[in-house]
Amino acid sequence: MLSTQYKEHFSDYRSWDQLDHAQDWLLFEDNIGESLSIDETCLSSGEVYTFLTNKAGKGRKGTLVAVVKGTKAEDVIQVLKKINISKRNTVKEITLDLSSSMMRIARSVFPQALITNDRFHVQKLYYDALDDMRIAYRWMARDKENEEIKEAKSKGKEYIPFRYSNGDTRKQLLARAKFILTKHKTKWTETQKDRAQIIFENYPTLKKAYDLAMKLTDIYNY
């Protein structure tokens, strides 16, 4: 195959100075910059790697500073500290998620850098909490529906579920609320606006939580 021919004959892969440890870590310290990002991701076969990138590279050549197999703080720190301390001290800011392991790596390796939590991880934390509230209400709606079914059966009547003005049952309303509660109200369709009005009228706590989420989003956008 062409890829094999390139690897074995045309490239300098076999004489690469990082070949002996490429399976475990790679380091490109010349790509370091003042503003970095550190995160974890899966490449293949479920293996997780820690990536350190230069924001100025914008995903192009010169972006990758380091990649280390795994996320164990001690292992990542050991590799990143191979970068000369004078270069590490030039880093002014490093962006990461809310992981305590990533925090430890950033503080140990880049002592002069301002640590910034990535906005999307912060927002996801809030939206997850909001969705937990929605799910709890849905379970309550399910229990209420089961009680109504049992009551109708005991009276020998056909069960007709309660429906809101838009035709949703209680469970349907709360199931479909998921797509509304994760979108800014400026992006709602007309149907979603009607559904949101019903949701917030019947579940004011969800409205309060949603409004706080939107304020957080607006702050970040500003």
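Trainee: Is Asp 131 buried or exposed?

Mentor: Asp 131 counts as buried, at 15% relative accessibility. The cut-offs are under 20% for buried, over 50% for exposed and partly exposed in between, with a 1.4 Å probe and protein chains only. Keep in mind that this is a predicted model, where local features need pLDDT of at least 70, side-chain atom pairs need 80 or more, and totals for chains, interfaces and linings use all residues. Residues are numbered from 1 along each chain as its sequence is written, and side-chain values use heavy atoms, without hydrogens or water.

Trainee: Okay, what does the side chain of Asp 131 meet in a salt bridge?

Mentor: Lys 178, at 3.4 Å from N to O. The pair ties together parts 47 residues apart in sequence, because Asp 131 sits in helix 5 (residues 119-154) and Lys 178 in helix 6 (residues 170-181). A salt bridge here is a Lys or Arg side-chain nitrogen within 4 Å of an Asp or Glu carboxyl oxygen. Helices are DSSP runs (H or I, at least four residues), numbered from the N terminus.

Trainee: Which residue does Arg 176 pair with?

Mentor: Asp 168, and the closest N and O atoms of that salt bridge are 2.4 Å apart. Asp 168 is buried, with a relative accessible area of 2%, while Arg 176 is partly exposed at 36%.

Trainee: How many salt bridges does a search of the whole structure find?

Mentor: The search turns up 16.

Trainee: New topic: Arg 104. Which residue is its salt-bridge partner?

Mentor: Glu 74, with the closest N and O atoms 2.9 Å apart. That one links distant parts of the chain, as Arg 104 is in helix 4 (residues 100-109) and Glu 74 is in helix 2 (residues 73-80), 30 residues apart.

Trainee: How accessible are those two?

Mentor: Arg 104 is partly exposed at 41% relative accessibility. Glu 74 is partly exposed too, with a relative accessible area of 38%.

Trainee: What else in helix 2 meets helix 4?

Mentor: Besides Glu 74, helix 2 brings Ala 73, Val 76, Ile 77 and Leu 80 to the contact (heavy atoms within 4.5 Å). On the helix 4 side, Arg 104 is joined by Ser 101, Ile 105, Ser 108 and Val 109.

Notes: Helices (H or I, at least four residues) and strands (E, at least two) are DSSP runs, numbered from the N terminus.
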